[in-house]
Amino acid sequence: MDKHGSGSTMQAAAALKSHNLGLGAELESTVEIWTSQVKHVLQACAHISNHLDFSKKPHAQEDARIGAEIRGRTGPLPVSALNDYFK
């Protein structure tokens, strides 16, 4: 990006527009749409990250409880018993 915040694609769009080429406006529009979509993806990633941070502690506590329960069993754990932990 240059000092005005324009990337090379936007600079190319401006150059094309300055020569009255319709491709310049289309390229500019594509960059604007792309930038908007990237911002939405970043917002979604931030939302997912926040949710994972929030849910990490309760899941860790549940994992610890299940681990303690499994370790406290005598003998091997039957595979069918694992289904009880997925409800």
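**Entry 1: the kink.** I started with a bend: helix H2 has a kink of about 40° at lysine 56, shortly before proline 58. I took the bend at a residue as the angle between axes fitted to the seven residues ending there and the seven starting there. This is a predicted model, so I kept to its limits: local features need pLDDT of at least 70, side-chain atom pairs count only at pLDDT 80 or more, and totals for chains, interfaces and linings use all residues. Residues are numbered from 1 along each chain as its sequence is written, and side-chain values use heavy atoms, with hydrogens and water left out.

**Entry 2: lysine 56 itself.** Is lysine 56 buried or exposed? I found 56% relative accessibility, so lysine 56 counts as exposed. My scale calls a residue buried under 20% relative accessible area, exposed over 50%, and partly exposed in between (1.4 Å probe, protein chains only). I also looked from lysine 56 to leucine 16, which is 40 residues away along the chain, and their C-alpha atoms are separated by 50 Å.

**Entry 3: the whole chain.** I listed three helices and zero strands, and from the N terminus on the order is α-α-α. Helices (H or I, at least four residues) and strands (E, at least two) are DSSP runs, numbered from the N terminus.

**Entry 4: the length of H2.** What span should the 50 residues of H2 have? At 1.5 Å a residue, H2 (residues 22-71) should span 74 Å, and its end C-alpha atoms are 70 Å apart, which agrees. The expected span is 1.5 Å times one less than the number of residues.

**Entry 5: overall shape.** I compared the protein with a compact globule of 87 residues: the globule would have a radius of gyration near 12 Å, but the protein has 27 Å. That radius is taken over C-alpha atoms, and the globule rule is 2.2 Å times the number of residues to the power 0.38. Along the principal axes, the C-alpha atoms fill a box of roughly 80 × 25 × 15 Å.

**Entry 6: what is covered.** I noted that buried residues make up 9% of the 87. Which residues of H2 are buried? They are Gly24, Val31, Ser55, Ile66 and Gly67. The buried residues of H2 pack against helix H1 (8-18), where contact means heavy atoms within 4.5 Å. The protein exposes about 7400 Å², with carbon and sulfur atoms supplying 61% of it; the areas come from the Shrake-Rupley method with a 1.4 Å probe, and for residues only the protein chains shown count as cover.

**Entry 7: salt bridges.** How many salt bridges are there? I count two, a salt bridge being a side-chain nitrogen of Lys or Arg within 4 Å of a carboxyl oxygen of Asp or Glu. One joins the side chains of lysine 17 and glutamate 28 (3.0 Å, N to O). That pair links distant parts of the chain, with lysine 17 in H1 and glutamate 28 in H2, 11 residues apart. Lysine 17 is partly exposed at 36% relative accessible area, and glutamate 28 is partly exposed at 23%.

In the other, arginine 65 meets glutamate 62 (2.7 Å, N to O). They are three residues apart in H2, which means a separation of about one helical turn. An α-helix has 3.6 residues a turn, so residues three or four places apart point the same way. Arginine 65 is partly exposed at 41%, and glutamate 62 at 37%.

**Entry 8: the loops.** Asparagine 20 lies in the loop between H1 and H2. Its phi is positive, about 60°, although asparagine 20 is not a glycine. Most residues other than glycine have a negative phi. At 72% relative accessibility, asparagine 20 counts as exposed.

Last, I checked glycine 75, in the loop between H2 and helix H3 (79-82). Glycine 75 is exposed, at 55% relative accessible area. The C-alpha atoms of glycine 75 and alanine 25, 50 residues apart along the chain, are separated by 72 Å.
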